[in-house]
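Reader: I am new to this structure. Can you show me how to read it, feature by feature?

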Amino acid sequence: MPWFRGSIAIAAALATFVIAGGWYVSAKLRETAKASPSVELQINGANADADKKEHVMNADGSKPNVSPLPKTDEEWRQLLTEEQFYVTRKKGTERAFSGEYWDTKTPGVYKCVCCGEPLFTSEAKFDSHCGWPSFYQPIDGLKDKRIEEHVDKSHFMVRTEVTCKKCGAHLGHIFDDSPQTPTGMRYCINSASLKLEAKQAGDAAKGTAEAKPNESK
Ligand SMILES: [Zn+2]
């Protein structure tokens, strides 16, 4: 019966194909598991903790000497006042003329209230009469790497939002409406996003001496 022999041959060929196919797929899966740590973590849950620890290490494998920044809203709330939290983590805006620093003339460095990164200096602060602390440039000039710019299309306007690069805190917005300043720019920053570290009396004399060469440029 040739049809019967034919069917056996076809069945055998199919079985070989299925077995070979199965072997190929399982081999591929093993390869993928080796190549991708996330697949391996699912297979071997014990590695998940080791993986987490790796992320808080420095690039050279040493332990970082600062505690990692908070991640959740709850963690940030523990560090900040209600207004600081609303402004920095929820992109809020304090009322004009209500903040701590809008009219401050004290020499010093303005740091990020969330992570302590130095962002602005009193030398670049000017009186813009807008009700918020205004600076014509960040601490390292207009090409500052500590501040990030983002297009902000909220409230039916297109503005440039600025955030702290290190921790993502919302700081305020930039406007190019201040021709009276050396850069023409106004970094309009919420007091609630800043912490002023005032210069000590001894630093002040040093600071003036340091500032002079820049002024003559
Ligand atoms: Zn920050």
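This is a predicted model: local features need pLDDT of at least 70, side-chain atom pairs count only at pLDDT 80 or more; totals for chains, interfaces and linings use all residues.

Reader: Start with the whole chain. How many helices and strands does the protein chain have?

Author: The chain has six helices and nine strands. Its length is 217 residues, and 19% of them count as buried.

Reader: What share of the contacts with a separation of 6 or more joins residues 24 or more positions apart?

Author: That share is 49% in the protein chain.

Reader: Now the sheets. In what order do the strands of the open six-stranded sheet lie?

Author: Read across the sheet, strand by strand. The order is β3-β4-β8-β7-β6-β5, and the pairing is antiparallel. At the edges stand β3 (125-126) and β5 (147-152). Each has a single partner strand, so one side of each is left without a neighbour in the sheet.

Reader: Which strands form the open sheet of three?

Author: The order there is β2-β1-β9, again with antiparallel pairing. Its edge strands, β2 and β9, each pair on one side only. On average, neighbouring strands of this sheet are turned by 30° against each other, direction ignored.

Reader: How is β1 joined to its two partners?

Author: Take the two sides in turn. Five antiparallel bridges connect β1 (residues 108-112) with β9 (residues 194-198). On that side, K111 has K195 as its bridge partner. Three bridges join β1 to β2 (residues 118-121), also antiparallel. On this side, Y110 is partnered by F120.

Reader: What lies between β1 and β2 in their hairpin?

Author: Five residues lie between the two strands. G116 takes a positive phi there, near 85°.

Reader: Next, the core. What is the general idea?

Author: In soluble globular proteins, nonpolar side chains tend to be buried together. Here the largest nonpolar core has 25 residues. The members that touch the most others are C112, L119, C164, Y187, I189 and L194.

Reader: Which elements give two or more residues to this core?

Author: They are β1, β2, β6, β7 (170-175), β8 (186-189) and β9. The most comes from β8, with three residues.

Reader: Pick one core member. What does C112 touch, leaving out residues up to four places away in sequence?

Author: C112 touches E117, L119, C164, K166, C167, A169 and S193.

Reader: Let us turn to a helix. Which residues of α5 are buried?

Author: In α5 (residues 82-90), the buried ones are Q84, V87 and T88. Now look down the helix axis. The buried residues fall within an arc of 85°, so they line one face of the helix. They pack against β7. The face turned away from the buried side carries E82 and K90, which are exposed.

Reader: What follows α5?

Author: K91 follows the helix, and its phi is positive, near 55°.

Reader: How should I read a positive phi?

Author: Most residues other than glycine have a negative phi. F97 sits in the loop between α5 and β1.

Reader: Is F97 buried or exposed?

Author: F97 counts as exposed, because it has 11 C-beta neighbours inside 10 Å and the cut-off for exposed is 12 or fewer.

Reader: Where is F156, and what is its phi?

Author: F156 belongs to the loop between β5 and β6. Its phi is positive, near 60°, and F156 is not a glycine. F156 has 5 C-beta neighbours inside 10 Å, so it counts as exposed.

Notes:
Residues are numbered from 1 along each chain as its sequence is written. Helices (H or I, at least four residues) and strands (E, at least two) are DSSP runs, numbered from the N terminus. A residue is buried if 20 or more other C-beta atoms lie within 10 Å of its own, exposed if 12 or fewer, and partly exposed in between; C-beta atoms are placed from the backbone. Two residues are in contact if their C-beta atoms, placed from the backbone, lie within 7 Å. Two strands pair if DSSP finds at least two bridges between them. Axes are lines fitted to C-alpha atoms, for helices over the stretch in contact, and angles run from 0 to 180 degrees between N-to-C directions. A nonpolar core is a set of buried Ala, Val, Leu, Ile, Met, Phe, Trp, Tyr and Cys residues joined through C-beta atoms within 7 Å. The arc is that of the directions from the helix axis to the C-beta atoms.
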